[in-house]
Amino acid sequence: MAWPRLFILLLGLAIILGLMLWLISSLQWLYAQVALTSPFLANLLVFCLIALMAVLMGAFLYYGWQFRGKKKPKKKKRPPQVPTDKVDAAASNLRAVHRQIQQIQDEVTRQALLKETRQMAKTFTRRALKIVVFGTGSAGKTSLANAIVGQMVGEVGATIGTTAVGQTFRCQLRNVDQELLITDTPGLSEPGVAGTDREQAARKLATEADLLLFVVDGDLTQSEYQPLRALGRMGKRSLLVFNKTDCYTQTDQGLIQERLHERVQNWIQPEDVVAIAARPQPVRLASGETLEPEPDLKALIQRISRILRQEGEDLFADNILLQSQRLGAEARQQIDQERRQQADQIVDRFQWIGAGVIWVTPVPVIDLLATAAVNTQMVIEIAKIYGCDLTLDRAKDLALSLAKTMVSLGIVKGAIEVLARALQFSVVGFVVGKTIQSVGAAYLTRIAGKSFIEYFRNDQEWGDGGMTEVVQHQFQLHRRDRFVKAFIQEAITKLPTEFGRRVQQQLSPTRSDLNTPPSPPHSN
């Protein structure tokens with residue numbers, strides 16, 4: 001304990017002890033004074049004081065005990081209710097997605113996504129829960145689907161559709177009010193182009209399921225683990241069904257189940273890993289007859305029933321919200337792609353405008369400040385693409401800040417070296433020539449423009465590494481030899497004829513000794 005606190009504690013105890021001694025002394029004096037005239041009143045006073053102290057002590061102990069012993073009332077378990085908040089969230093999110101899709105310029109993509117939103121909106125009135133059976137073709141998915149439907153209580157409806165993506169049955173489960181849709185899907189890793197197409201359709205069905213039954217017949221393979229993990233990451237409610245247990249001994253079955261628990265413990269609960277035998281192997285009796293055992297689905301049916309009773313409405317609402325979020329992500333990705341294409345066109349245009357400014361301006365060296373006006377206008381136009389209205393002063397500040405950052409990082413010098421290597425002449429020979437000045441200005445404007453695109457893509461944030469990291473990353477992307485040579489070839493066609501002729505001469509030197517740099521071009 002710190003000395004100041006100890007001193008205060010001791011001082012407080014000393015004051016309390018002094019007050020207690022004073023109180024006892026005062027009471028003793030009062031008793032003596034009263035006893036001189038009336039001993040009876042003195043004794044009565046002492047009795048009253050003792051009674052008062054007893055009452056106060058009793059009240060203190062009583063309320064102290066009540067305070068310490070008071071327990072929070074247990075919350076009563078409420079029956080499952082429709083999570084209207086989740087449904088409302090899904091509906092709100094779907095409306096936001098619809099507004100996003102309206103921003104997409106590609107007509108085909110926009111109409112396709114709008115069609116999905118309309119179909120998704122219809123699911124708000126759907127009360128049947130979708131259970132999708134998913135996995136490899138050899139795991140026994142179809143046997144499981146048939147066995148589940150066969151053990152359901154109630155009449156099994158006709159198939160909704162028999163297509164390349166499987167079959168869907170309507171059925172009812174005991175003690176569950178909601179109607180169920182059981183869908184069998186094609187297997188994973190089927191050969192051929194048709195198999196790949198069917199697998200993609202099956203994966204889409206899996207993502208749309210309210211409850212997924214992922215079927216395996218042993219330990220998870222890599223081709224099974226990856227899609228199961230991907231579905232888990234997106235929040236899909238899943239059961240891992242270990243089928244064909246009749247093919248294993250009790251010891252081997254236990255080892256496989258333990259291994260499955262370990263592999264999926266991060267996103268599937270142990271009780272959601274269920275062992276079954278959807279179609280047990282025939283048993284040959286001593287009499288020579290063959291017995292077809294009944295499917296062993298008791299554990300799975302019980303688990304499905306419990307989930308549907310406890311989480312049925314949650315499954316429905318969570319899946320709708322999940323699907324609306326997925327659709328929103330697709331819309332955002334399409335919008336971002338279109339915006340990047342438009343922003344790239346702006347950068348392409350302004351990089352050659354900047355080069356032209358240097359070409360007609362008698363500037364002795366590459367100076368980013370000389371093209372500040374060009375870069376400022378480029379920033380404003382890129383910002384409009386991303387829905388940001390920048391003031392002229394704000395755009396100037398951004399352009400100057402990025403220019404200073406590029407200078408401080410040595411990117412201007414690095415750009416000169418990169419272009420010198422591509423043009424095959426020395427830095428000393430070309431640094432005052434308009435050729436390298438113009439190409440360098442275009443090159444640096446491109447790096448600046450690409451950096452600004454990343455800035456606006458991230459909601460006007462440079463990220464954890466700041467402007468420095470973004471600019472360095474763009475410079476590394478644009479310093480590759482293949483890009484630099486293609487960039488210079490494009491400069492030949494974009495800039496004035498004389499400029500293109502000079503660059504062409506430097507790209508195709510007539511000297512026999514390429515190591516000897518040609519004389520620098522004279523400035524006009």
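Analyst: Start with the surface. Patches are built from residues with over 30% relative accessible area and no salt bridge, and nonpolar side chains are joined within 5 Å. Keep in mind that this is a predicted model.

User: Which residues make the nonpolar surface patch here?

Analyst: Trp22, Leu23, Leu27, Trp29, Leu30 and Leu49 make a patch of about 610 Å². Helix H1 (residues 3–37) gives the largest share, 5 residues.

User: How does Leu27 count at 35% relative accessibility?

Analyst: Exposed needs over 50%, and buried under 20%. At 35%, Leu27 is therefore partly exposed. Leu27 sits in helix H1.

User: How do I read the faces of a helix?

Analyst: An α-helix has 3.6 residues a turn, so residues three or four places apart point the same way. Now take helix H4. Its buried residues are Arg110, Leu113, Leu114, Thr117 and Met120. Seen down the axis, they fall within an arc of 120°, so they line one face of H4. The face turned away from that buried side carries exposed Val108 and Lys122.

User: And the aromatic rings: how many pairs are there?

Analyst: Rings pair if their centres lie within 6.5 Å. The whole structure has 9 aromatic pairs. In one of them, Phe452 and Trp462 have ring centres 6.3 Å apart and planes at 45°, so the pair is tilted. Phe452 lies in helix H14 and Trp462 in the loop between H14 and H15, so the pair ties together parts 10 residues apart in sequence. Both Phe452 and Trp462 are buried.

User: Which residues do ring pairs link into a cluster?

Analyst: Trp352, Tyr443, Phe483 and Phe487.

How values were computed. Residues numbered from 1 in each chain as written. Predicted model: local features only at pLDDT ≥ 70, side-chain atom pairs only at ≥ 80, totals over all residues. Heavy atoms only, no water. Phe/Tyr/Trp six-rings, centres within 6.5 Å; stacked < 30°, edge-to-face > 60°. Helix = DSSP H or I, 4+ residues; strand = E, 2+ residues; numbered from the N terminus. Buried < 20%, exposed > 50% of the residue type's maximum accessible area, 1.4 Å probe, protein only. Arc of directions from axis to C-beta. Patch = residues over 30% accessible without salt bridge, like charges linked within 9 Å, V, L, I, M, F, W, Y side chains within 5 Å. Areas by Shrake-Rupley, 256 points an atom, 1.4 Å probe, with all protein chains shown as cover. Salt bridge = Lys/Arg side-chain N within 4 Å of Asp/Glu carboxyl O.
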